[in-house]
Each structure stands twice: as C-alpha cells, then as structure tokens.
Amino acid sequence: MATIEECRSALDRLSDNLTHANGEVRSAAALDRSLSCHVTDLDVTFTGRLAGGRIEVQDRVDGPPPERAEIRLAMAGDDLVAMVDGELNFARAWASGRIRLEAGFRDLLRLRSLL
C-alpha cells in the first residue's frame, strides 16, 4: 500500500510531467481550476489548483475533500502511483471504476487529453 509521502511525490511527478508536455496536453494543463485528489485507502485528500500547466498542492487534509473542487479525483494510493509511473492506464481504470474523476463537462473534454 502506497504511503502518504509516496502519493504526494506522485502528484509532484505528475505536475512535473505536465510542465514538460506539448500540444493538446499542454493546452489542457493550462486550465485554472481548483483540484482535489482523495486517496481512498489512506482517507486523505490533497487539495490545490491546476494552474499555469502545473498542479500546485496547497494542503493535505484527513478524510474526504472539505470543499467541492472544480476537478475531483478519487482513487487508491497504489493506483495513483501506478498511473503516474505509467503502469496503469487512466482510461481503463476510470471505465472500471478504480479511479473517479468528476468535473464540469467542458473540463472533462479538455482533461481527456491529459489523462
């Protein structure tokens, strides 16, 4: 089972990956939205913003997200780490329910190139 530190590190690596992205991925990462990532098996939530092509983690709270972010992710810690490491396909994990992504319709359309 992934630790809180491993999950935070995975989010930092994802942010670094977005910073170096090109084309459609870079365009999708240019959104300015509040973001939450609930790590379900650890019952912690990382909150922050997707802004300027980066994920800026601002806080970590115990339990589910305290406020409704514009982009909301929920998954197990191992799935977060595997997704960032390229070992878990986001689309398949989302379709099977292993990963939950909630956002407005327009944001979902833009985010599909990211994930």
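The exercises below concern a predicted model of one protein chain.

**Exercise 1.** Find how many helices and strands the protein chain has, and in what order the elements run.

Solution. The chain has 5 helices and 5 strands. Read from the N terminus on, the order is α-α-β-β-β-β-α-α-β-α.

**Exercise 2.** Decide whether the radius of gyration of the protein chain agrees or disagrees with that of a compact globule.

Solution. Start from the length: for 115 residues, a compact globule would have a radius of gyration near 13 Å. Next, take the value for the protein chain, which is 13 Å. As for extent, the C-alpha atoms fill a box of roughly 35 × 30 × 25 Å along the principal axes. Of the 115 residues, 43% count as buried.

**Exercise 3.** Determine how many disulfides the structure holds, and check Cys 7 and Cys 37.

Solution. The structure holds 0 disulfides. For Cys 7, the nearest cysteine sulfur is that of Cys 37, 7.5 Å away. A disulfide needs sulfur atoms within 2.5 Å, so Cys 7 is in no disulfide. Cys 37 is likewise in none. Cys 7 counts as buried at 0% relative accessibility, and Cys 37 counts as buried at 3%.

Methods: Residues are numbered from 1 along each chain as its sequence is written. This is a predicted model: local features need pLDDT of at least 70, side-chain atom pairs count only at pLDDT 80 or more; totals for chains, interfaces and linings use all residues. Side-chain values use heavy atoms; hydrogens and water are left out. Buried means under 20% relative accessible area, exposed over 50%, partly exposed in between (1.4 Å probe, protein chains only). Helices (H or I, at least four residues) and strands (E, at least two) are DSSP runs, numbered from the N terminus. The radius of gyration is taken over C-alpha atoms; the globule rule is 2.2 Å times the number of residues to the power 0.38.
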